[in-house]
Amino acid sequence: MKSMVAYNGREIPKEDKVFAQSGKALDAVSKYGPAEVINATVGALYDDDGKLLVLKSVEKVMKSLPAEKYAAYAPIAGTPGFKKAILKAALGSYEPKSFTAVVGTPGGTGSIRNAIANYSCPGDKILTHSWHWAPYKSIAAEMYRGIEHFEMFDEEGRFNIADFEYKVKKLTRNQEHLVIILNTPANNPTGYSLSMEDWYGVKRVLDDVPEEKKIALVLDVAYIDFAGEPEKVREFLPVIDNLRSNILPVIAYSASKTFTLYGARCAAMICLAYSPEVAEEFVKVNSFSARATWSNSPRAPQEVIERIYADEKLLAEVEAERAKARDMLLARGRAFEKAAAECGLGIVPFSAGFFVTVPCKEPDTLCRRLNEKNVFLIPLDKGVRVSVASSSEDKCRRLPALIKETMKELGM
Ligand SMILES: Cc1ncc(COP(=O)(O)O)c(C=O)c1O
């Protein structure tokens, strides 16, 4: 017997490229020391000394929790205090006209999983942009769905509304349901944020979808709180509020980056529903899915977020600390962008966030050659992803020339 598994059509790779590259980077760090290695593989914010950056104000609350606040089960959809607090965290000062409802999930991953489970059918295609977070495909495959993508940028490097429209029309011709995932602001892997003009384009396309077709517009805002000023990065909210009754916006809002609680597994899926019935149904079906997969989500991070939002002074402390970390990250992104322009290294349109992408022909070859120089990046299908979140500003400034030089060596 060589295999015991029922693969059910899923393509399961031998190794995960992200973990393979980051494993190699860690080996190099232990051999040569952190100063000699550029480990730009990591999807978490690190300080300039190469340590995971954890907001001290959040850590303090986490450590102060009494046992019953982390050991007890949380309600399936989250504690009431958490649901109230996370809604404020996600929407900021914006007050939606639609009917909101919240279901807590273990990470944004859980929100995306539940949205696909409940708003599409087995065999359906989920629509997202060409540059996207690889797990979308695995999450869809796990539930017998596939991914269809639209080209994210046109020839001029603008968000490609025409292809978005074409793919929405194509898929809604054959599917009653369509889940669309847009990862913005500060998209992973490109760092691109949809402009207001892009958003109006998205709305125009959705306004044209036949009334009998049901669309769930999943906004994966995993990086929103590191993408720019809190009010500015939420400017798009009115565009997705109050859409037609056949469009259901679902915000997948993760605490992983916002509160530096990556491993604590906390997020919420938030709907902006046209009617109270659709909002109620959202809670019902997503709670059912939660119960049938992970049951309830961890209680500790929910308690932490509730406590932060119940205490104005503490909230101000968390926001000030996050703003400092965000400024550090934004400066790294700008340093990379500027150095890339100076040495003529092309990058995919970038606004802000954890990652920058360099388009290239043979990403695996480029990464392997860079590994010989103690530089570790993530190979994608059509480029390499650079984590500015895990590289100091100085390293971000040095990286573009190193990549450009290596591409030249390889005749790229
Ligand atoms: C684009 C994107 N969406 C969602 C997530 C989900 O993260 P988590 O499940 O840790 O909240 C990530 C994490 O890396 C991500 O990059």
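How many of the 11 residues of helix 12 (residues 299-309) are buried? The count is 9 of the 11, so helix 12 is largely enclosed by the rest of the structure; buried means under 20% relative accessible area, exposed over 50% and partly exposed in between, with a 1.4 Å probe and protein chains only. The legends below begin with the whole chain and return to this helix.

**Figure 1. Overview of the predicted chain.** This is a predicted model, in which local features need pLDDT of at least 70, side-chain atom pairs count only at pLDDT 80 or more, and totals for chains, interfaces and linings use all residues. Residues are numbered from 1 along each chain as its sequence is written, and side-chain values use heavy atoms, with hydrogens and water left out. The chain has 15 helices and 12 strands, which are DSSP runs numbered from the N terminus (helices: H or I, at least four residues; strands: E, at least two). The radius of gyration is 21 Å, close to the 22 Å of the globule rule for 412 residues, so the chain is as compact as a globular protein of that length. The radius is taken over C-alpha atoms, and the rule is 2.2 Å times the number of residues to the power 0.38. Along its principal axes the C-alpha trace spans about 60 × 55 × 55 Å. Of the 412 residues, 54% count as buried.

**Figure 2. Helix 12 and its packing partners.** The buried residues of helix 12 include Arg299, Gln302 and Glu303, together with Val304, Ile305 and Ile308. The buried residues of this helix pack against helix 2 (56-64), helix 3 (67-71), helix 4 (80-91), helix 10 (255-258) and helix 13 (312-343), where contact means heavy atoms within 4.5 Å.

**Figure 3. The parallel pair of strands 5 and 6.** Strand 5 (residues 177-183) is joined to strand 6 by 7 bridges; two strands pair if DSSP finds at least two bridges between them. Ile181 has Val218 of strand 6 as its bridge partner. Of the 7 residues of strand 6 (residues 214-220), 6 are buried, so this strand is largely enclosed by the rest of the structure.

Figure 4. Strand 11 pairs with strand 12 (residues 383-387) over 2 bridges, and Pro379 stands opposite Val384 in strand 12.
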